[in-house]
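Trainee: I'd like to learn how to read a model like this one. Can we go through it together?

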Amino acid sequence: RADTPVAVVQSATGAAQASWTGKASYYGGKGRTASGGHVGHLTAAHRSLPFGSKIRVTNLHNHRSVVVTVNDRGPFIRGRIVDVSTGAAGVLGMKGAGVAPVRVELVSR
């Protein structure tokens with residue numbers, strides 16, 4: 001499965017950290033997320049991580065990365081592991097393509 005961790009390592013604090021690779025897309029518009037956040041902020045949608053989790057998303061095409069806060073559910077399209085907000089997509093340089101290969105790393109829950 002695309003959302004299965006590809007590696008679990010111990011951090012310096014002893015906490016388990018996970019990383020996944022797969023495809024990311026982004027959501028836009030003027031709306032709000034499931035938890036009430038604005039889509040222009042540095043946020044993301046993930047199917048199972050708790051709201052408030054911090055994840056680092058790295059675009060594997062250009063190696064740009066951003067830390068976002070999970071505050072929505074999704075993505076709901078098969079093969080995608082995360083949806084990032086418009087603001088995060090701009091940082092990642094993926095707004096033109098719409099979809100990008102990414103690595104997602106859990107920073108904190």
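Trainee: What should I know about the model before reading on?

Mentor: This is a predicted model, in which local features need pLDDT of at least 70 and side-chain atom pairs count only at pLDDT 80 or more, while totals for chains, interfaces and linings use all residues. Residues are numbered from 1 along each chain as its sequence is written, and side-chain values use heavy atoms, with hydrogens and water left out.

Trainee: Where is confidence lowest, and where is it highest?

Mentor: pLDDT is the predictor's confidence in each residue, from 0 to 100. The protein chain averages 83, and 73% of the residues score at least 70. Strand 1 (residues 7-10) has the lowest confidence, with a mean of 43, and strand 4 the highest, at 98. Over residues 4-15 pLDDT stays under 50, and the model has 19 contacts beyond four places in sequence for that stretch.

Trainee: What pattern does the protein chain follow along the sequence?

Mentor: Helices (H or I, at least four residues) and strands (E, at least two) are DSSP runs, numbered from the N terminus. In this protein chain there are 1 helix and 7 strands, and the pattern reads β-β-β-β-β-β-α-β.

Trainee: Which residues of the largest nonpolar core touch the most other members?

Mentor: A nonpolar core is a set of buried Ala, Val, Leu, Ile, Met, Phe, Trp, Tyr and Cys residues joined through side-chain atoms within 4.5 Å. Buried means under 20% relative accessible area, exposed over 50%, and partly exposed in between, using a 1.4 Å probe and protein chains only. The largest core has 21 residues, and I55, V57, V82, V84 and V104 touch the most other members. Among the elements giving two or more residues to this core are strand 2 (16-27), strand 6 (80-85) and helix 1 (86-92). Strand 7 gives the most, with 4 residues.

Trainee: Is S65 buried, exposed or partly exposed, and what is its relative accessible area?

Mentor: S65 is partly exposed, at 37%. It sits in strand 5 and contacts R56, V57, T58, V91 and L92, leaving aside neighbours within four places in sequence.

Trainee: How much of the protein chain counts as buried?

Mentor: Of its 109 residues, 41%.

Key. Contact = heavy atoms within 4.5 Å.
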